Amino acid sequence: MAITLTQPEEPDESRRSDNSSEGVTTEIIWVTPEIAAHFLSKDSLNRRLNTERVTALADAIRRKEWKLTHQGIALDETGGLLDGQHRLHAIVEAGIPVQMFVFHGLPREVFPFLDTGKQRTGADTLLSTGAKHRPLLSSTIRHVTLFNTMPNEPWRGSRAHVSNGRILSAYNVDRDRYTEAVAVSRELSAHLFASPTAVAASYFVTTEAAPAANLDDWISGLKSGASLEEGDARLALREVPRDTQKRGSRRRMTMQDQMAIYIKAWNAWVDPQKAGELNLRRLRKGEKMPIPVELKFGKAN
């Protein structure tokens, strides 16, 4: 497929751009690792390579999340690369061909104007769904994904990148439960040490494992603390000090620490025999993320 961009018939000279599109063509092709390497070998004008972004894109390609969009490869009149180096490096790293627009014949003068817009966030991606509290919702989905895929690896860097496509897909698959998790978090986080994201993500993964648990008792106990006896896991969770999140502490509590503490308290409340000794502290070095206790309908507590 090839499309030649032409000037309109009788252009308005007063509004005409200095950058004529004459000679500029575009096509959709399968860019193989070999073709990507060929484009990268040409004389190019490109910004500094961000290896973490390359790895994130390569991971998305391996997970078959790549979609054909208007963002592709831009080449100048000599075949030099103007835009798309991260996408090309990702194809080489993944070793998998993808479909992509390739623009030929752009003047080099357009380079400063490429990729100058703000990068779309997960919250932006959820805009089309009509969902509320999108920044919190997007962050919640991201951390649920990390919990499910790499619970005991650091949640930072390129490996912890969760694409906007994965966030949107996860929401569409389980939108009611994510909406509930965000709503509950907005109520509970005011009474707990953890961030709204940590509460929402923890609520999602724990209630997914134990749908038969009495959620009303769990939520009301955490909100009010009324009539909770010493040793009640809900009381212990309420009493985790907030200042453990402050930057002045020896090591700032991570999202994994916060979720681990919440899950430990939940496990102790749902099934004290399986939870063992309740120790609501951040994860020690080498300690694995706790797994939520299962409590399915039809099973005894």
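User: Which residue in β5 does Ile73 stand opposite?

Analyst: Val102. Before we go on, this is a predicted model, where local features need pLDDT of at least 70, side-chain atom pairs count only at pLDDT 80 or more, and totals for chains, interfaces and linings use all residues. Residues are numbered from 1 along each chain as its sequence is written, and side-chain values use heavy atoms, with hydrogens and water left out.

User: How many bridges does β5 share with β2 and with β3?

Analyst: Two strands pair if DSSP finds at least two bridges between them; strands (E, at least two residues) and helices (H or I, at least four) are DSSP runs numbered from the N terminus. Here β5 (residues 98-106) pairs with β2 (residues 25-31) over seven bridges, in the antiparallel sense. Strand β3 (residues 73-76) pairs with β5 over three bridges, in the parallel sense.

User: At what angle do α9 and α11 cross?

Analyst: Roughly 125°, and the axes of α9 (residues 215-224) and α11 (residues 255-270) come within 12 Å. That makes α9 oblique to α11 (under 35 degrees is roughly parallel, over 145 roughly antiparallel, 65 to 115 roughly perpendicular, the rest oblique). In the contact, Leu215, Asp217 and Trp218 of α9 meet Tyr262, Ala265, Trp266 and Trp269 of α11, counting heavy atoms within 4.5 Å.

User: What is the phi of Lys64, and where does the residue lie?

Analyst: Its phi is positive, about 65°, although Lys64 is not a glycine. Lys64 lies in the loop between α2 (51-62) and β3, and is exposed with a relative accessible area of 74%.

User: And where does Ser227 lie?

Analyst: Look in the loop between α9 and α10 (233-238). Ser227 also has a positive phi, near 65°, and it isn't a glycine either. At 77% relative accessibility, Ser227 counts as exposed.

Definitions and conventions: Axes are lines fitted to C-alpha atoms, for helices over the stretch in contact, and angles run from 0 to 180 degrees between N-to-C directions. Buried means under 20% relative accessible area, exposed over 50%, partly exposed in between (1.4 Å probe, protein chains only).
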